[in-house]
Amino acid sequence: MSGALIETEARRIKNENKKETALRMLQDGELPIEKIAKYSELDIAEVERLAEPLTV
């Protein structure tokens with residue numbers, strides 16, 4: 001693997017970890033979306049998208 005490919009894969013994995021963390025926080029139901037976005041380092045819009053299936 002080239003360095004660029006490894007770096008891209010590492011970024012993808014890191015982003016997936018952020019989403020998993022945000023999902024666990026959303027399922028817990030204790031924090032507002034703004035705090036979850038801050039702690040998971042995701043955009044508020046991304047956290048809202050992750051929350052949609054949980055509120056249906």
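## The loop residue Glu41

Glu41 is exposed, because its relative accessibility of 54% is over the 50% limit. In this predicted model, Glu41 belongs to the loop between helix H2 (33-40) and helix H3. The backbone of Glu41 has a positive phi of about 65 degrees, although the residue is not a glycine. In general, most residues other than glycine have a negative phi.

## Packing of H1 against H3

Helix H1 spans residues 3-28 and helix H3 spans residues 44-55; the two pack with their axes 10 Å apart, at an angle of about 50 degrees. H1 is therefore oblique to H3. The crossing in which H1 passes H3 is right-handed.

On the H1 side, the contact is made by Lys19, Ala22, Leu23, Leu26 and Gln27, and on the H3 side by Glu46, Val47, Leu50, Ala51 and Leu54. Sorted by class, the contact of H1 with H3 has seven nonpolar residues, one polar residue and two charged residues.

## Packing of H1 against H2

The axes of H1 and H2 cross at roughly 150 degrees and come within 9 Å. Why are H1 and H2 described as roughly antiparallel? Angles over 145 degrees count as roughly antiparallel, and the crossing angle of H1 and H2 is roughly 150 degrees, so the description applies to this pair. The crossing of H1 and H2 is right-handed.

H1 contributes Lys18, Ala22, Met25 and Leu26 to this contact, while H2 contributes Ile33, Ile36, Tyr39 and Ser40. The contact of H1 with H2 has six nonpolar residues, one polar residue and one charged residue.

## Two residues in their surroundings

Met25 has its place in helix H1. When neighbours within four places in sequence are left aside, Met25 is in contact with Glu30, Leu31, Ile36 and Tyr39. Met25 and Ala45 are 20 residues apart along the chain, and their C-alpha atoms are separated by 15 Å.

Ala37 is found in helix H2. This residue counts as buried, because its relative accessible area of 6% is under the 20% limit. Not counting residues up to four places away in sequence, Ala37 touches Leu42, Asp43, Ile44 and Val47. Between Ala37 and Glu20, which are 17 residues apart in sequence, the C-alpha to C-alpha distance is 12 Å.

How many salt bridges does the structure hold? There are five salt bridges in the structure. One of them joins the side chains of Glu7 and Arg11, at 2.6 Å from N to O. Both Glu7 and Arg11 lie in helix H1, four residues apart, which is about one turn of the helix. Glu7 counts as partly exposed, at 47% relative accessibility.

A salt bridge also links the side chains of Glu9 and Arg12, with an N to O distance of 2.7 Å. Glu9 and Arg12 both lie in helix H1 as well, three residues apart, about one turn of the helix. Glu9 is partly exposed, with a relative accessible area of 32%, and Arg12 is likewise partly exposed, at 44% relative accessibility.

Lys19 lies in helix H1 and Glu46 lies in helix H3, so the pair ties together parts that are 27 residues apart in sequence. Is Glu46 buried or exposed? Glu46 counts as buried, at 17% relative accessibility.

The pair also belongs to a network: salt bridges that share partners join Lys19, Glu46 and Arg49.

How values were computed
Residues are numbered from 1 along each chain as its sequence is written. This is a predicted model: local features need pLDDT of at least 70, side-chain atom pairs count only at pLDDT 80 or more; totals for chains, interfaces and linings use all residues. Side-chain values use heavy atoms; hydrogens and water are left out. Axes are lines fitted to C-alpha atoms, for helices over the stretch in contact, and angles run from 0 to 180 degrees between N-to-C directions. Angles under 35 degrees count as roughly parallel, over 145 as roughly antiparallel, 65 to 115 as roughly perpendicular and the rest as oblique. A crossing is left-handed if the near helix is turned anticlockwise from the far one by less than a right angle, and right-handed if clockwise. Contact means heavy atoms within 4.5 Å. Ala, Val, Leu, Ile, Met, Phe, Trp, Tyr, Cys and Pro count as nonpolar, Asp, Glu, Lys and Arg as charged, and the others, Gly among them, as polar. A salt bridge is a side-chain nitrogen of Lys or Arg within 4 Å of a carboxyl oxygen of Asp or Glu. Buried means under 20% relative accessible area, exposed over 50%, partly exposed in between (1.4 Å probe, protein chains only).
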